[in-house]
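Here's a quick briefing to read alongside the model.

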Amino acid sequence: MKANLQRADFVRVDHLQHAWHQALKERLDPHLSVEREERMFDLVASCDPTPAGRYLSWLSRWRRRNWDILGLRAMCGAGELAEVMAALQHFDRIRKFLPKGRGDVNTYHSAQDLFNAEGYIKGPGRRDLRRAERDVAMAGSEVLFDEGRWRLVLLRSQAAAAWWGMGTRWCTAARSDNRFELYARQGDLLVILSPCDRYQLSCATGEFRNSSDGHANLAQVLHRAPSAMRSILESKMGLRWETLTSRRVTELYFSLRSSDDTCHRDRASATG
């Protein structure tokens, strides 16, 4: 713990020294600039996903590169910080599978570089990575039903959501700005695998999406599903199957109104 604190203190002092010189270079008040940058650095440092502060130095350099483009007074946006945090989390997961020379975070300069680092993993390393990702995902999943080509999975972690949503356009499977926790706080989040497609259902809001993130009709999708699977959904939704598929409840729970669409509502507010 003491060594970690010393490392964090060293990075902070070094970063603020650079801020002082940058302020002089830009002809800004160095005292006010350093005070402001100290607060900004706290936000940037919070993007380090490791307790030991493994990526603090990288984050400091990443922040300083932004000075060269936007100036010392430029602030980091919430979306930008979320992307960097997600990129570092991803890199930290795959680091041990990277070939020699590619596991050094300092060879990468941006969040996108960190995401793209996975492309260097080939052959046995890639198989080992996929196996490790699957193990983590399975630990965060509860398979409620599995028969033939039908499967019903309860998601209990972001890793599970990312695994079961691989190849879809769901915001709960996104690398950055992932919305799994937002949905999970509201209630159970389920993935349905059918012979035709994959679907995701929020039991709290009734939002039901296909793999392209388009609205889907639950009753139509499950018309040929095994009755045992429908019974599980009845208990999860708190409704009988006859009621669940009625027009009134379908309109209530599975309407196409954008006001019921958490992901798309949030995306619109973020860009509006």
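The largest pocket comes out at about 670 Å³. Of the 27 residues lining this pocket, His90, Arg93, Glu133, Ala159 and Ala162 sit closest to its centre. A pocket here is an open set of points on a 1 Å grid over the protein atoms alone, with protein on both sides within 12 Å along at least five of seven lines, and lining residues have an atom within 4 Å of a point. Volumes are the space filled by probe spheres set on the points, with grid points joined across faces, edges and corners.

One thing to keep in mind: this is a predicted model, where local features need pLDDT of at least 70 and side-chain atom pairs count only at pLDDT 80 or more, while totals for chains, interfaces and linings use all residues. Numbering runs from 1 along each chain as its sequence is written, and side-chain values use heavy atoms, with hydrogens and water left out.

**Pockets**

- Helix H4 (78-94), helix H6 (123-139) and helix H7 (158-164) each give at least two residues to the lining of the largest pocket; helices are DSSP runs of H or I with at least four residues, strands are E runs of at least two, and both are numbered from the N terminus.
- H6 has the largest share of that lining, with six residues.
- Sorted by class, the largest pocket is lined by 15 nonpolar, seven polar and five charged residues; Ala, Val, Leu, Ile, Met, Phe, Trp, Tyr, Cys and Pro count as nonpolar, Asp, Glu, Lys and Arg as charged, and the others, Gly among them, as polar.
- The second largest pocket has a volume of about 330 Å³, and its lining includes Ala78, Glu83, Gln89, Gln158, Arg175 and Asp177.
- For the second largest pocket, the largest share of the lining is the seven residues from H4.

- Searching the whole structure turns up two cavities of 30 Å³ or more; a cavity is a set of points where a 1.4 Å probe fits but cannot get out.
- The largest cavity has a volume of about 90 Å³.
- Its lining has 11 residues, with Tyr183, Gln200, Glu207, Arg209 and Asp213 nearest the centre.
- That lining splits into five nonpolar, three polar and three charged residues.
- Tyr183 belongs to helix H8 (residues 180-186) and is buried, at 5% relative accessible area; buried means under 20%, exposed over 50% and partly exposed in between, using a 1.4 Å probe and protein chains only.
- The side chains of Tyr183 and Glu207 make a polar contact at 2.9 Å; that term covers a pair of N or O atoms within 3.5 Å where, within protein, one must be able to donate a hydrogen and the other to accept it, and residues adjacent in sequence count only if both atoms are side-chain atoms.

- Helix H2 (residues 30-45) has 16 residues and should span 22 Å at 1.5 Å a residue, which agrees with the 21 Å between its end C-alpha atoms; the expected span is 1.5 Å times one less than the number of residues.
- At the start of H2, a side-chain oxygen of Asp29 comes within 2.9 Å of the backbone nitrogen of His31.
- Buried residues in H2 include Val34, Glu37, Met40 and Phe41.
- His15, in helix H1 (residues 2-25), counts as buried because its relative accessibility is 0%.
- A 2.8 Å polar contact links the side chains of His15 and Glu37.
- Setting aside residues up to four places away in sequence, His15 touches Glu37, Phe41, Ser60, Arg63, Arg64 and Trp67; contact means heavy atoms within 4.5 Å.

**His215 and the whole chain**

- His215 sits in the loop between strand E5 (208-210) and helix H9 (218-221) and is partly exposed, at 31% relative accessibility.
- In total, the chain has 13 helices and five strands, and 43% of its 272 residues are buried.
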